[in-house]
Amino acid sequence: MLKVFVDQDLCISCGLCISICDEVFFWNDDDKAQAIDSDVPEEFIDDVNEAVESCPTDAIQYEEE
Ligand code: SF4
C-alpha cells in the first residue's frame, strides 16, 4: 500500500505531478497540488513514482505500508 502527500510549504504549483497523474494529484483551493487521501491504486503507482522523482522541490512525500 502506498500513500502520498504534498508538502504544501514546498509545492510551487508547477503542475507537473498533476500532468503526470491527475487521477492521484489535483489542485486544492490554495492552488497547490494535493494528493488523494486514499491508497494509490495499483495502476497509478508507476506514475506516482515518476511524479515523486519529477517534482522540482521534492514536495511529494510517500509512505509505504
Ligand atoms: S510537481 Fe511538486 S511543485 Fe509541482 S505542483 Fe506537484 S507537488 Fe507542487
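Which residues does cysteine 21 touch, leaving aside those up to four places away in sequence? What you're looking at is a predicted model: local features need pLDDT of at least 70, side-chain atom pairs count only at pLDDT 80 or more, and totals for chains, interfaces and linings use all residues. Residues are numbered from 1 along each chain as its sequence is written.

Okay, back to cysteine 21. The answer is Phe44, Asp47, Val48 and Ala51. By contact I mean two residues whose C-beta atoms, placed from the backbone, lie within 7 Å.

Now the overall fold. The protein chain has two helices and four strands, and along the sequence they run β-α-β-β-α-β. The radius of gyration is 10 Å, close to the 11 Å that the globule rule gives for 65 residues, so the chain is as compact as a globular protein of that length. That radius is taken over C-alpha atoms, and the rule is 2.2 Å times the number of residues to the power 0.38. Helices (H or I, at least four residues) and strands (E, at least two) are DSSP runs, numbered from the N terminus. If you'd like a box around the C-alpha atoms, it's roughly 25 × 20 × 20 Å along the principal axes.

How much of the protein chain is buried? Buried residues make up 25% of the 65. Buried means 20 or more other C-beta atoms within 10 Å of a residue's own, exposed means 12 or fewer, and partly exposed is in between, with C-beta atoms placed from the backbone. As for contacts with a separation of 6 or more, 65% of them are between residues 24 or more positions apart.

On to the core. The largest nonpolar core has 16 residues, and Cys17, Cys21, Val24, Phe25, Ala51 and Ile60 touch the most other members. The elements giving two or more residues to this core are β1 (2-6), α1 (16-20), β3 (33-35) and α2. A nonpolar core here is a set of buried Ala, Val, Leu, Ile, Met, Phe, Trp, Tyr and Cys residues joined through C-beta atoms within 7 Å.

Next, the ligand. There are 14 residues around it, and Cys11, Cys14, Cys17, Ala33 and Cys55 come nearest. "Near" means a C-beta atom, placed from the backbone, within 6 Å. The shell splits into eleven nonpolar, three polar and no charged residues. For that count, Ala, Val, Leu, Ile, Met, Phe, Trp, Tyr, Cys and Pro are nonpolar, Asp, Glu, Lys and Arg are charged, and the others, Gly among them, are polar.

Now a couple of prolines. Proline 56 sits in the loop between α2 (45-54) and β4 (60-64), and it counts as exposed because it has 10 C-beta neighbours inside 10 Å. Beyond four places in sequence, proline 56 touches Ile12 and Cys14. Proline 41 is in the loop between β3 and α2. With 12 C-beta neighbours inside 10 Å, proline 41 counts as exposed.

Last, two aspartates. Most residues other than glycine have a negative phi. Aspartate 31, in the loop between β2 (25-27) and β3, has a positive phi near 60°. Why does aspartate 31 count as exposed? Because it has 9 C-beta neighbours inside 10 Å. Aspartate 58, in the loop between α2 and β4, has a positive phi of about 55°.
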